[in-house]
Amino acid sequence: MKKIIDGLSVNLEGNNNNKPIIFVHGFPYDSTMWQSQIDLLKEKYFCVAYDIRGLGESPAGQGQFTMESFVDDLETIINELNLEKPILCGLSMGGYIALRAVEKFEDKFSAIIFCDTRADADGNEGKLKRAAAIKRIDSEGLAPFTKDFVTNCFGENFKQNNKNEFENRITKSTAFNPVGVKGSLLAMMGRNDTTEYLSKIKIPALILCGEFDALTPPSVMKPMAEKIKDSDFVLIKNSGHMSPIENPKEVNEAIIKFLGKL
Ligand code: MLT
């Protein structure tokens with residue numbers, strides 16, 4: 001079922017009396033990236049997957065976003081749906097939102113799943129890349145940028161064996177509102193560094209990382225997991241940055257095992 005909350009397109013699946021799980025997608029994607037996980041979990045969990053403002057079916061509005069405004073949106077969804085201690089699951093930019101939300105109000109959550117993400121903020125090189133991406137979108141339109149960005153996200157194996165799905169992801173992202181895409185880039189560029197909070201996290205955490213993730217590689221995610229007291233790290237084989245899409249079997253197994261322990 002689709003619901004609009006404060007302008008955001010929110011997909012709800014499963015019985016709302018069950019334990020809630022909120023899925024926060026990566027950039028430049030939408031909530032459909034979690035479909036394999038939702039299909040599995042909706043029998044026992046109340047699955048909430050929304051499109052981040054400006055991406056997918058959530059309108060861009062004025063397009064001036066910050067990581068803080070993205071976290072405010074997440075909090076609004078939790079409050080509007082009366083979600084009791086949800087499990088929070090975020091990939092990459094969704095992980096940045098999840099990390100900041102946990103840093104701000106950890107008590108609201110019962111557990112956290114970080115997929116292919118990082119706690120450190122953009123350095124100088126990263127900021128300049130974001131600025132160059134915005135300039136490129138302004139001069140060339142969205143298509144060349146999304147094609148390159150999405151190509152870099154997926155591992156070689158997936159691109160060769162799942163050509164249609166890979167091409168569909170590019171087509172979908174290319175249809176997004178450029179204002180929303182640029183707004184996300186600015187929000188990521190201005191986000192705070194949450195590394196210091198990792199050792200303070202008290203809730204159980206699952207950290208998933210594609211073995212061939214070129215954006216947030218195991219060399220970044222393993223040390224991140226080591227800083228969190230109650231954490232499990234699982235390397236997802238044969239996967240790049242988009243592990244829930246590229247290897248749903250291993251991602252789902254890891255999630256089920258983690259949830260079973262809670
Ligand atoms: C994502 O997948 O959300 C992006 O790669 C995050 C980023 O560009 O930092």
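Biologist: Why are H4 and H8 called roughly antiparallel to each other?

Modeller: In this predicted model, the axes of helix H4 (residues 124-140) and helix H8 (residues 178-189) cross at roughly 170°. Angles over 145 degrees count as roughly antiparallel, so H4 and H8 fall in that class. Their axes come within 9 Å.

Biologist: Which residues of H4 and H8 meet?

Modeller: On the H4 side they include Lys127, Ala131, Ile134 and Asp138. Among those in H8 are Pro178, Lys182, Leu185 and Met189.

Biologist: How many residues of each class does the contact of H4 with H8 have?

Modeller: The contact has 10 nonpolar and 4 charged residues, with no polar ones.

Biologist: What makes S1 and S8 edge strands?

Modeller: The open sheet has 8 strands in the order S1-S2-S4-S3-S5-S6-S7-S8, with mixed pairing. Strand S1 (2-5) and strand S8 (231-236) each pair on one side only, which makes them the edges. From one strand to the next, the twist averages 20°.

Biologist: How do you know that S3 and S4 pair?

Modeller: Pairing takes at least two bridges, and 6 bridges join strand S3 (residues 19-24) to strand S4 (residues 45-50). The two strands therefore count as paired, and they run parallel. Val24, for instance, has Tyr50 in S4 as its bridge partner.

Biologist: Which strands does helix H12 lie across, and how does it run relative to S7?

Modeller: Helix H12 (residues 248-261) lies across S3, S4, S5, strand S6 (111-115), strand S7 (205-210) and S8.

Terms used: Residues are numbered from 1 along each chain as its sequence is written. This is a predicted model: local features need pLDDT of at least 70, side-chain atom pairs count only at pLDDT 80 or more; totals for chains, interfaces and linings use all residues. Side-chain values use heavy atoms; hydrogens and water are left out. Helices (H or I, at least four residues) and strands (E, at least two) are DSSP runs, numbered from the N terminus. Axes are lines fitted to C-alpha atoms, for helices over the stretch in contact, and angles run from 0 to 180 degrees between N-to-C directions. Contact means heavy atoms within 4.5 Å. Angles under 35 degrees count as roughly parallel, over 145 as roughly antiparallel, 65 to 115 as roughly perpendicular and the rest as oblique. Ala, Val, Leu, Ile, Met, Phe, Trp, Tyr, Cys and Pro count as nonpolar, Asp, Glu, Lys and Arg as charged, and the others, Gly among them, as polar.
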